[in-house]
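I open this notebook to record, step by step, what I look up in the structure. My entries begin with the whole chain and then turn to single elements.

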Amino acid sequence: MQHRIIKQVPRMLFGAGALGRLNELLPAKNGAKDWYLYVVDEVHRTTGLLDRLDLKPEDKLYTISTAKEPTTVQVDELRDLVLKENENRPAAVISLGGGSTMDVGKATAVMLNNEGSSAQYQGWDLVPNPAVFKVGIPTLAGTGAEASRTAVLTGPEKKFGINSDHSMFDAIVLDPELSGTVPAEQRFYTAMDCYIHCVESLRGTMINEIAAAYASKALEMCQTVFLSKGEEDKLMVASYMGGLSIVNSEVGICHALSYGLSLILGYRHGIANCIAFNVLEEYYDEHVVEMREMMKREGVTLPTNVCAGLKPEELEAMVDMTLRMERPLTNALGENYKDILTKEKIRELYANM
Ligand code: NAD
Ligand code: ZN
């Protein structure tokens, strides 16, 4: 099998306190008109992280709400606002937050240099122009958005990534201190996103030695954190390596189902993955059992019967969303996935959640 060309984030700072060295990663400002755009989860007004950013008078801060997962409309509006309020484009876009904020930052950096709506670029390699220089700083570990070549957005019809080399960060800061304020349940759900990425990657047909090396180490780190006792820096490295694994392989059935849960029921990515993974014992057996053990130890309980109140057309939209995830389903089940994961089977899985 021929592998994709691998692109990786070229520069990274790691370790407690790394945030304080952010300026070492930024491109120099040339002239008085140059400025940086900071895209920050508004939660950091209360966590204190905002105060730790070294904003200069010329720089601009846009805080964003992550009450809902990012949308194409949100990104288009932010891009339009930035262009309206500023004479020139920023020299760098710096995003500080979880997967949602990093995806908004990535997509905004892409859209500052590309015409039209971000919805046009949801797909594979559709972005013509390079993005503005962009830096990612995760404050919540698990999605791997810091390492990936996608910015996942909910558009008018679908939740789908802008999958492009231009979506990848030019630099990242992995500072484990930044996730100290994450609520315990959220920490668990987002960490499970990493755990599930790794299982889907390792069990998939698109696996290769590079992806397997990253995924197995990241999986082991998640197990250490939740089944023995590991420090926070393990989770941040696991998230990064889980992302690297997915760059070089693919997710699977759980992600395909979870996108339906997020699109129609509005469940956030981490919890949606856990709800879906919990009914996938026939595909991911001992790992589903292991996730349940981790949940028990963390005192996390999942909502049940989540599809009970759905109208038939809503359920069908979820089934269609799942089947749209061709690459993950091919990765998990092979080219003939539609014969195995029939519409009937998908309905049955949703009914069990
Ligand atoms: P998130 O960014 O949506 O944040 C979840 C919650 O945690 C929010 O309420 C946020 O305010 C809060 N939070 C974040 N950091 C905090 C901190 N330090 N202290 C206190 N609260 C904090 O959650 P997520 O799980 O990181 O990201 C989910 C999103 O990532 C989804 O939209 C999903 O589609 C996307 N995703 C992207 C990729 C990718 O490769 N681009 C991969 C997987 C998932
Ligand atoms: Zn994921």
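What percentage of the 353 residues in the protein chain do buried residues make up? I find that buried residues account for 57% of them, where buried means under 20% relative accessible area, with exposed over 50% and partly exposed in between, for a 1.4 Å probe and protein chains only.

I note that this is a predicted model, in which local features need pLDDT of at least 70 and side-chain atom pairs count only at pLDDT 80 or more, while totals for chains, interfaces and linings use all residues. Residues are numbered from 1 along each chain as its sequence is written, chains are lettered from A and ligands numbered from 1 in the order in which they are written, and side-chain values use heavy atoms, with hydrogens and water left out.

Overall form: I count 13 helices and nine strands in the protein chain, these being DSSP runs numbered from the N terminus (helices H or I, at least four residues; strands E, at least two). Among contacts (heavy atoms within 4.5 Å) between residues at least 6 apart in sequence, 76% join residues at least 24 apart.

Val-152: I located this residue in strand S7, residues 152-154, and it is buried, with a relative accessible area of 18%. Leaving aside residues up to four places away in sequence, Val-152 touches Pro-70, Asp-103, Lys-159, Phe-160, Gly-161 and Tyr-259.

H4 and H8: helix H4 (residues 184-203) packs against helix H8 (residues 269-277) at an angle of about 55°, their axes being 8 Å apart. That angle makes H4 oblique to H8, since angles under 35 degrees count as roughly parallel, over 145 as roughly antiparallel, 65 to 115 as roughly perpendicular and the rest as oblique. I list among the residues making the contact Tyr-189 and Ile-196 of H4, and Ile-271 and Phe-277 of H8.

H11: in helix H11 (residues 326-333) I found Pro-328, Leu-329, Thr-330, Asn-331 and Leu-333 to be the buried residues. Their cover includes H4, helix H7 (253-265), helix H9 (281-298), helix H10 (312-324) and helix H12 (337-340). After H11 comes Gly-334, with a positive phi near 90°.

Terms used:
Axes are lines fitted to C-alpha atoms, for helices over the stretch in contact, and angles run from 0 to 180 degrees between N-to-C directions.
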